[in-house]
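Colleague: I am new to this structure and would like to learn how its features are read. Could you take me through a few of them?

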Amino acid sequence: MNVPPNVTVSAHEANDPARFTGLDLLASAVLLLDADGHVHYANPAAENMMELSLKSLQRHCLYELFTNGAELSQLATQALAHQYADLRQDLTLLRLGREPLHVNGIVSALGDATLLIELRENVQQLKLDREERILDQSQANKELIRNLAHEIKNPLGGIRGAAQLLELELPPHHLADLQEYTQVIIKEADRLQTLVDRLLAPHRKPHIVGDVNIHEVCERVRSLILAEFPQGLTIRRDYDASIPEFRGDFEQLIQVVLNIAHNAAQALAGRIAQGDAEITLRTRVARQVTLAKVRYGLALDLHIIDNGPGIAPDIRDRIFYPLVSGREGGSGLGLTLAQTFVQQHLGVIECESRPGLTDFRILLPLP
């Protein structure tokens, strides 16, 4: 919605909600403010976006609802100074304890002391950009891992073989004292070989395609997790039984869901001790979904949700990188493996995390 720059609104009109009833039908959020940023009117879309009623909004200065509200305030100041007919800018508005709002903002001055702000969520574009970055990153990771593994494996074999030969040449009277050191070399070489094999596993394992029922996958994972964590953890099931079977690799999908759910269970250690840890397995059907730049009419929408402490902010954007782990002693390969398997099924994994809620979302195309 664009407001002509020559339109003016009096203070009486600004406080008359009936004047703006036509804005109630708009899908984008529209707010009417005074020069100090106090809200006089907000349409239903704005109430939904802000998660506040009109009465609640009217008790606040709009800019104070966001930790970085100064950006929006600066746009409003420029609009009131008539520097521009209207100002347009992509904004990320941060809120305490809630997800940030990614919006395209349009700020227009309707009079000497009245502002109209229109906010349109641009989540879809951000989602597409993020998916493209993830795919590019995954491809780069694959090449890096292949090259790195090749460069590591040959020297490892030589080191292990040399240690074995050295052990055979040790004088009998020094064998007991020095064999400990050769065994350290051999065991560490074996450990590194195992790590390299795990890095290469998703690229070596054949893709065995068959009919997959996603709820059989979820039930298998549920039983495995509860067998390992029998006390203090509840795994809730929220299934859409209408989801059809689809073509996929049953074992790979079990590995995907298991890796994510197992990470969640380990992150819930504190809550498990308290007895209130929860993991939710939720399945839904998403419609008209774009995955890797391809549009699908139907997609599986699988969520693995936990009520743990959340992912540390410093690694949140890197959790799918190999060897990145938020847990002491973790290998950092579980999510990398899951991402690779999901991409082999033409899908994506997304993650939203904050203290008290971490939600891994797996999207896979359905027939």
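**An enclosed space and its surroundings**

Modeller: The largest cavity is lined by I214, V217, L253, V256, V257, L300, L302, I362 and L364, where a cavity is a set of points on a 1 Å grid over the protein atoms alone at which a 1.4 Å probe fits but cannot get out, and lining residues have an atom within 4 Å of a point. This is a predicted model, in which local features need pLDDT of at least 70 and side-chain atom pairs count only at pLDDT 80 or more, while totals for chains, interfaces and linings use all residues. Residues are numbered from 1 along each chain as its sequence is written, and side-chain values use heavy atoms, leaving out hydrogens and water.

Colleague: What volume does the largest cavity have, and which helix gives the most to its lining?

Modeller: In general, rolling a probe the size of a water molecule over the atoms shows where empty space is left. Here the largest cavity has a volume of about 40 Å³, and helix 8 gives the most to its lining, with 3 residues. Helix 7, helix 8, strand 10 and strand 12 each supply at least two residues of that lining; helices (H or I, at least four residues) and strands (E, at least two) are DSSP runs, numbered from the N terminus.

Colleague: In what order do the strands of the open sheet follow one another?

Modeller: Two strands pair if DSSP finds at least two bridges between them. In this model 5 strands form an open sheet in the order 7-9-10-12-11, with mixed pairing. Its edge strands, each pairing on one side only, are strand 7 (233-238) and strand 11 (348-354). Strand 9 (residues 277-291) and strand 10 (residues 294-306) pair in the antiparallel sense over 12 bridges, and T280 has I305 in strand 10 as its bridge partner.

Colleague: Is T182 buried or exposed, and which side chain makes a polar contact with that of T182?

Modeller: Buried means under 20% relative accessible area, exposed over 50%, and partly exposed in between (1.4 Å probe, protein chains only). T182 lies in helix 6 (residues 172-204) and counts as buried because its relative accessibility is 3%. Beyond residues up to four places away in sequence, T182 touches A163, L166, E167 and L170, contact meaning heavy atoms within 4.5 Å. The side chain of T182 makes a polar contact with the side chain of E167 at 2.7 Å; such a contact is a pair of N or O atoms within 3.5 Å, of which, within protein, one must be able to donate a hydrogen and the other to accept it, and residues adjacent in sequence count only if both atoms are side-chain atoms.

Technical notes:
On a 1 Å grid over the protein atoms alone, a cavity is a set of points where a 1.4 Å probe fits but cannot get out, and a pocket is an open set with protein on both sides within 12 Å along at least five of seven lines; lining residues have an atom within 4 Å of a point. Grid points are joined across faces, edges and corners, and a volume is the space filled by probe spheres set on the points.
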